[in-house]
Amino acid sequence: MLPEELQEKLERDIAAVDHPKELAVDVMFALQKHYGYLTDEAVETAADLLGIAPVEIEEIATFYTFVYREPVGKYVIHVCDSLLCMLDGSETIEDHLQRKLGIRAGETTDDGLFTLLPVCCIGYCDRAPAMLINRKVYGPLTVESLDAVIDRLKTEHTPTD
Ligand code: FES
């Protein structure tokens with residue numbers, strides 16, 4: 001069940017456009033922010049709000065890297081694995097990240113802090129090897145700069161966040 005305020009905001013936004021489906025991604029992101037990921041309930045809610053079938057929401061969701069259909073950690077790390085980043089050492093970066101976090105691609109740390117997901121070119125090839133954490137770009141990465149970012153995020157984290 002959505003908070004009334006969010007429900008009303010989404011209804012207002014949708015009512016303001018001619019073709020509600022064009023807001024599908026915005027609605028999915030809003031629901032994902034509320035639920036933590038795009039839960040089955042969120043898919044149903046998005047479909048209801050937009051007046052389309054849940055399967056259409058599922059189809060749209062599969063196209064978007066940043067829509068998560070499974071639970072993710074507080075920090076979602078997308079390491080670019082496309083060609084330019086690979087040429088500049090993204091495999092070393094990803095290997096180091098996996099060892100440092102103790103997880104493999106597609107997994108979340110036991111403390112729920114980090115999820116590691118590969119991603120195709122994120123448009124920051126001039127900063128290769130690059131990654132996004134919660135959609136903020138980092139790069140060009142080195143093992144040292146990566147350690148600094150992860151250590152800072154771990155330090156900043158408090159259980160009440
Ligand atoms: S190839 Fe990695 S950001 Fe473009």
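**Note on the predicted model**

1. The buried residues of H2 are covered by elements that include helix H1 (4-15), helix H3 (40-50) and helix H4 (54-63). Helices (H or I, at least four residues) and strands (E, at least two) are DSSP runs numbered from the N terminus. A residue is buried if 20 or more other C-beta atoms lie within 10 Å of its own, exposed if 12 or fewer, and partly exposed in between, with C-beta atoms placed from the backbone. The buried residues of H2 include Ala 24, Val 27, Met 28, Ala 30, Leu 31 and Gln 32.

2. The model is predicted: local features need pLDDT of at least 70, side-chain atom pairs count only at pLDDT 80 or more, and totals for chains, interfaces and linings use all residues. Residues are numbered from 1 along each chain as its sequence is written. The mean pLDDT (the predictor's confidence in each residue, from 0 to 100) of the protein is 95, and 98% of the residues score at least 70. Confidence is lowest in H4, at a mean of 95, and highest in S3, at 98.

3. The protein has seven helices and four strands. From the N terminus their order is α-α-α-α-β-α-α-β-β-β-α. The C-alpha trace spans about 50 × 35 × 25 Å along its principal axes. Of the 161 residues, 25% are buried.

4. The domain assignment gives domain 1 (4-63) and domain 2 (75-156); such bounds come from an automatic or database domain assignment. The C-alpha centres of domain 1 and domain 2 are 29 Å apart.

5. Helix H2 covers residues 24-35, and its twelve residues should span 16 Å at 1.5 Å a residue; the end C-alpha atoms are 16 Å apart, which agrees. The expected span is 1.5 Å times one less than the number of residues. Just after H2, Gly 36 has a positive phi of about 100°.

6. Which residues does Leu 49 touch, not counting those up to four places away in sequence? They are Leu 10, Glu 11, Ile 14 and Val 27, where contact means that the C-beta atoms of two residues, placed from the backbone, lie within 7 Å. Leu 49 is in helix H3. With 21 other C-beta atoms within 10 Å, Leu 49 is buried. Its C-alpha atom is 8.6 Å from that of Val 27, which is 22 residues away along the chain.

7. The largest nonpolar core has 18 residues. A nonpolar core is a set of buried Ala, Val, Leu, Ile, Met, Phe, Trp, Tyr and Cys residues joined through C-beta atoms within 7 Å. In this largest core, Ile 77, Val 79, Cys 80, Leu 97, Ala 130 and Met 131 have the most contacts inside it. Two or more residues each come from strand S1 (75-80), helix H6 (90-101), strand S2 (114-119) and strand S3 (131-133). S1 gives the largest share, five residues. A second, separate core of twelve residues includes Ala 24, Met 28, Ala 30 and Leu 49.

8. Six of the six residues of S1 are buried, so S1 is largely enclosed by the rest of the structure. Tyr 75, Ile 77 and Val 79 are buried on one side, and Val 76, His 78 and Cys 80 on the other. In a regular strand the side chains alternate between the two faces of the sheet.

9. How do S1 and its partners pair? S1 and S2 run parallel and are joined by six bridges; strands pair if DSSP finds at least two bridges between them. Cys 80 stands opposite Val 119 in S2. S1 and S3 run antiparallel, with three bridges, and His 78 has Leu 132 of S3 as its bridge partner.

10. Two peptide bonds deserve a check. The bond from Ala 128 to Pro 129 is cis, with omega near -5°, and Pro 129 is in the loop between S2 and S3. The bond from Gly 139 to Pro 140 is also cis, with omega near -5°; Pro 140 is in the loop between strand S4 (136-138) and helix H7 (143-156).

11. The loop between S3 and S4 holds Asn 134 and Arg 135. Asn 134 has a positive phi near 45° and is partly exposed, with 13 other C-beta atoms within 10 Å. Arg 135 has a positive phi near 75° and counts as exposed, with 10 C-beta neighbours inside 10 Å.
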